[in-house]
Amino acid sequence: MKLREYDLEKGQGRRIPSPGGCIYCRRVPIPPAKLTNEHVIPFAIGANAIVFLDGSCEECARTIQRYEQEVLLKQLGNFRRQIDAPSRTKPKKRPTHANVSFKEVDDRGQDLRHLGLRTIPIANLALALSLWQLPEPRITRPSAIPDDDNGRPWYYCDDKETVQKLCREVAEETGSKNVAMEIGAVNRPHFLRFLAKTAHAYAVAELGLDVFEPTLTDIILNREDDISKYVGGYYGPPPPGSAPENLVNAHIGRAVEGPGKGLITVALQFYPSLGSPTYSVIVGKSLIDMNEHAFDQGYDVAR
Ligand SMILES: [Zn+2]
């Protein structure tokens with residue numbers, strides 16, 4: 001796969017002029033409805049790294065916000081507070097404690113019963129991130145069989161001893177044998193839709209709206225539930241220029257061989273310094289000669 005790097009850190013404050021319509025549904029709102037600014041990477045992760053001026057209609061923004069907020073608050077909320085991620089909440093109003101869920105599990109780690117929430121100072125929590133590990137997008141795997149693309153939870157924790165100590169305390173208190181702590185529960189469909197939305201917006205920012213036939217619109221707008229056909233994991237060599245110090249690595253390219261040949265793919269990796277999974281999101285079919293387009297814009301794409 002030929003990929004181009006865009007370094008979000010260096011791109012702070014990048015502004016993309018309005019494409020004139022919504023980058024998701026392509027409609028031009030009839031006044032008084034209007035277009036709103038759209039963050040390619042949510043503000044809560046990448047601040048104002050890449051922003052479309054007047055990039056989204058209000059209706060699409062509302063649809064997206066429902067799942068995006070869940071990802072940012074429930075799945076990544078505690079982690080974001082721990083790393084002091086960008087937040088629109090004033091510092092004094094930011095929560096200092098987190099509600100953490102515990103459960104009793106059997107020897108194989110299967111859930112037995114929920115043990116409720118404990119309120120714990122965020123400063124006392126181990127740094128923990130929960131994401132989802134996925135097989136490659138199904139459209140690029142000719143031998144895929146139905147339901148083989150669920151993937152599995154992926155966790156990072158920098159201090160397992162602290163977690164074990166908390167679990168032991170809850171075990172003693174509740175008379176349970178094995179206790180596990182839930183780290184930022186992942187709602188898989190919401191997280192995958194969030195990946196689709198981010199990849200699509202990134203591709204439009206890099207290439208424009210008329211350069212590819214989008215595959216993700218129905219997924220982004222909640223009209224299609226088969227998400228893993230286009231949203232999966234990336235297992236190739238690290239895309240050129242990947243840097244662990246970035247908050248997000250984002251790359252766009254086009255598969256030059258294999259079953260995904262000709263499809264435009266965005267590779268995304270959040271918080272790469274933690275060894276997190278890289279995602280491969282098929283954003284669409286190229287309508288032009290991608291190499292010519294990239295070359296015209298001065299991109300470093302091998303021919
Ligand atoms: Zn729209």
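Helices (H or I, at least four residues) and strands (E, at least two) are DSSP runs, numbered from the N terminus. The structure is a predicted model, in which local features need pLDDT of at least 70 and side-chain atom pairs count only at pLDDT 80 or more, while totals for chains, interfaces and linings use all residues. Residues are numbered from 1 along each chain as its sequence is written.

**View 1. The protein chain as a whole, with seven helices and 14 strands.** The radius of gyration, taken over C-alpha atoms, is set against a globule rule of 2.2 Å times the number of residues to the power 0.38. For the protein chain this radius is 20 Å, close to the 19 Å that the rule gives for 303 residues, so the chain is as compact as a globular protein of that length. Its C-alpha trace spans about 65 × 50 × 35 Å along the principal axes. Two residues are in contact if their C-beta atoms, placed from the backbone, lie within 7 Å; among contacts between residues at least 6 apart in sequence, 69% join residues at least 24 apart.

**View 2. Confidence along the protein chain, given as pLDDT, the predictor's confidence in each residue, from 0 to 100.** The average pLDDT of the protein chain is 86, and 91% of the residues score at least 70. Confidence is lowest in strand β1 (residues 2–7), where the mean is 40, and highest in helix α6 (residues 217–220), at 98. Over residues 1–11 the pLDDT is below 50, although this stretch has 42 contacts in the model beyond near neighbours in sequence. Residues 295–303 also stay under 50, and for them the model has 10 contacts beyond four places in sequence. Where pLDDT is low, the predicted coordinates should not be read in detail.

**View 3. An open sheet of three strands in the order β2-β4-β3, with mixed pairing.** β2 (14–16) and β3 (35–39) stand at the edges with a single partner strand each, so one side of each is left without a neighbour in the sheet. From one strand to the next the twist averages 35 degrees. Two strands pair if DSSP finds at least two bridges between them; β3 and strand β4 (residues 50–57) run antiparallel and are joined by four bridges, and Leu35 stands opposite Cys57 in β4. Helix α2 (residues 58–75) lies across β3 and β4, running at about 110 degrees to β4, where axes are lines fitted to C-alpha atoms, for helices over the stretch in contact, and angles run from 0 to 180 degrees between N-to-C directions.

**View 4. Strand β5 (residues 97–105) beside β9, joined by four bridges and running antiparallel.** Across this pairing, Ser101 stands opposite Glu182 in β9. A residue is buried if 20 or more other C-beta atoms lie within 10 Å of its own, exposed if 12 or fewer, and partly exposed in between, with C-beta atoms placed from the backbone.

View 5. Most residues other than glycine have a negative phi, and most peptide bonds are trans. Pro31 and Pro32 are joined by a cis peptide bond, with omega at about 10 degrees. Ala47, although not a glycine, has a positive phi of about 50 degrees; its place is in the loop between α1 (43–46) and β4, and with 17 C-beta neighbours inside 10 Å it counts as partly exposed. Tyr271 likewise has a positive phi of about 50 degrees without being a glycine, but it is buried, with 20 other C-beta atoms within 10 Å, in the loop between β13 (263–270) and β14 (279–286).

**View 6. The largest nonpolar core, which holds 64 residues.** A nonpolar core is a set of buried Ala, Val, Leu, Ile, Met, Phe, Trp, Tyr and Cys residues joined through C-beta atoms within 7 Å. Leu195, Ala196, Ala203, Val266, Leu268 and Val281 touch the most other members, and helix α5 (residues 188–207) gives the largest share of this core, 12 residues. Leaving aside neighbours within four places in sequence, Leu195 is in contact with Val231, Leu268, Tyr279 and Val281.
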